[in-house]
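Subject: Structure for your review

Dear colleague,

Please find below the structure that I am handing over to you. My findings follow it, arranged by region.

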Amino acid sequence: MAEKNAHEDQDTLQFRVPKQPETDYNHTRIYRKSDIEQHRSSNKSSSSPSGTLNNQQYRKKQTSSAVHNQNAAKQQPRTRQQRTAVPPETVPQTNRNPKAKPEKKKKGGFLKKLLLLVFAVFLIYSTAALYYITRINPIEDSGQYVNDPETMLYSSEVKNILVIGEDSRDNAARGLSDSIILLSVNRKNKKLQMTSFMRDIYTEIDGYDFDKINAAYSYGGAPLLKDTIEDNFKIRIDGCVTLNFTAVAHIVDAVGGVQITLTPEEANAVNEILFSEVNEIMGDSPGDDFLPGGGTYILDGKQALSYSRIRYIGNADFERTQRQRTVITQVLSRMKKINPVKFNSNITKALEYIGTDMSVTDMYIMSLRLPLLLMSYETEQLRVPADGTWSYGETWDGMSIINVDFYANTEYLKQNIYIQ
């Protein structure tokens, strides 16, 4: 096994620095001493038109005018106000526009207020993020990867988080993994990709021979399921998050529900699942929150959970994973406009049933990137096994399974997550 955090500074992306454009001096004007002297002489010759005074005449005229002004001043005595007034010529030029300086102060004051506002918003957001992060239940991390860096898919531009939905009706018990979805955040391509791993994939589980991939979670929890995916699909997983049915329902309620269009058959299936298990899990009456029929609705948490568990309508479990990705896509979309009070109330309840092996620092850094991710990243959906790389099978005891070409699906993940 490879030590975790090894080769963290590895960058698999190569960039070329463009050549600096050559400076164009064709439009630069160069002044020489001979040009300047010629310019001065031409100005001197053109500045004495006919009818103007020469220097001696000008000085004589100025002296005569000054004597006349002094005689006039002697004949009319000045008042006290006139004697103390400062001539306009002596007022400094900088004080002639008193509005200039206050205007700069006004701009500086606005910028200061803006910076304070940004800092206040950042502080509130960071405080809330850390509050929620510290309430998540920690999961033990082995500190190692199954594969060495040379034998697994990895890029410093991609962050892979495995989201595991528990198939448990008892909040204290650990069941099978009902959904296995890999969230890949690609900073280079500005993509958020959701890859569902079909739970009936038949694979080798370390220490437990061959079984369906979702059994790995019941055998050894999130660490064993993560190792099983890394070992068989050669893809590096940077962290995992676990949540049960109760957490899913509260998360959907925290964002104000999700908008889903259902067929009449799907609406009927939602009502059946609400009646048979979900209402009981959430502590409600069996007949609560039934849908009247097919159509487009804002589903609440219980209805969305029931919708994501529909398995026997359409293309069986393949379509079921599509519904799960649709719910996640809707949750991310509706996070852009949330009611803070409603969000806080429901997300606090959900955190009781969420666990992770990521550090507080890693989760905090991801929370700072979340607004950018929600606003500017493209969402994309994938599924493993890919079309044409699997076949139905059956075990010796009659269990239905999916046989997978692991090499072809590793190449599928490589092409779609790391290369595109």
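A residue is called buried here when its relative accessible area is under 20%. Aspartate 178, with a relative accessible area of 7%, is therefore buried. Please bear in mind throughout that this is a predicted model.

**Salt bridges**

The structure contains 17 salt bridges. In one of them aspartate 178 is paired with arginine 320, and the closest N and O atoms are 2.3 Å apart. This pair links distant parts of the chain, since aspartate 178 belongs to strand β5 (residues 176–186) and arginine 320 to helix α9, 142 residues apart. Arginine 320 has a relative accessibility of 2% and so counts as buried.

Aspartate 178 has a further partner in arginine 309: their side chains make a polar contact of 3.0 Å. Arginine 309 is located in the loop between α8 and α9. Its relative accessibility is 13%, so arginine 309 counts as buried.

A salt bridge also joins aspartate 200 and arginine 311, with 3.1 Å between the closest N and O atoms. Because aspartate 200 lies in the loop between β6 and β7 (202–204) and arginine 311 in the loop between α8 and α9, this pair ties together parts that are 111 residues apart in sequence. Aspartate 200 is buried, at a relative accessible area of 10%.

Which residues are linked in a network of salt bridges? The network consists of Asp178, Arg199, Asp200, Lys212, Glu277, Arg309, Arg311, Asp317 and Arg320.

Glutamate 380 and lysine 191 provide another salt bridge, at 3.4 Å from N to O. Glutamate 380 is in strand β13 and lysine 191 in strand β6 (residues 191–197), so the bridge ties together parts that are 189 residues apart in sequence. Both glutamate 380 and lysine 191 are buried.

**Threonine 379 in strand β13**

Threonine 379 is also placed in strand β13, which spans residues 378–384. Is threonine 379 buried or partly exposed? With a relative accessibility of 36%, threonine 379 counts as partly exposed. Its C-alpha atom is separated by 9.0 Å from that of lysine 190, a residue 189 places away along the chain. Apart from neighbours within four places in sequence, threonine 379 is in contact with Leu192, Met194 and Thr329.

The N-terminal end of α8 is capped by aspartate 300, which has a side-chain oxygen 3.3 Å from the backbone nitrogen of lysine 302.

Two packed helices are described by the angle between their axes and the distance between the axes. For α7 and α8 the angle is about 110°, and the axes are 8 Å apart. Angles of 65 to 115 degrees count as roughly perpendicular, and α7 and α8 are therefore roughly perpendicular to each other. On the α7 side, Glu266, Val270, Ile273, Leu274, Val278 and Asn279 meet Lys302, Gln303, Leu305, Ser306 and Tyr307 of α8.

**Nonpolar cores**

The largest nonpolar core has 39 residues, and those with the most contacts inside it are Leu299, Tyr307 and Ile354. Helix α7 gives the most to this core, with 7 residues. A second, separate core has 30 residues, including Ile213, Ala222, Leu225 and Val404.

Leaving out residues up to four places away in sequence, tyrosine 307 touches Ile260, Leu262, Glu266, Val270, Leu299, Arg323 and Val327.

**Threonine 389**

Threonine 389 is in the loop between β13 and β14 (390–394). At 14% relative accessibility, this threonine counts as buried. The side chains of threonine 389 and asparagine 409 are joined by a polar contact of 3.0 Å. Beyond its neighbours within four places in sequence, threonine 389 is in contact with Asn403, Val404, Asp405, Ala408 and Asn409. Val404 is also one of the residues of the second core.

With kind regards

Technical notes: Residues numbered from 1 in each chain as written. Predicted model: local features only at pLDDT ≥ 70, side-chain atom pairs only at ≥ 80, totals over all residues. Heavy atoms only, no water. Helix = DSSP H or I, 4+ residues; strand = E, 2+ residues; numbered from the N terminus. Buried < 20%, exposed > 50% of the residue type's maximum accessible area, 1.4 Å probe, protein only. Contact = heavy atoms within 4.5 Å. Polar contact = N/O pair within 3.5 Å; in protein donor to acceptor, adjacent residues only side chain to side chain. Core = buried A, V, L, I, M, F, W, Y, C linked by side-chain atoms within 4.5 Å. Salt bridge = Lys/Arg side-chain N within 4 Å of Asp/Glu carboxyl O. Axes fitted to C-alpha atoms, helices over the stretch in contact; angles between N-to-C directions. Parallel < 35°, antiparallel > 145°, perpendicular 65-115°, else oblique.
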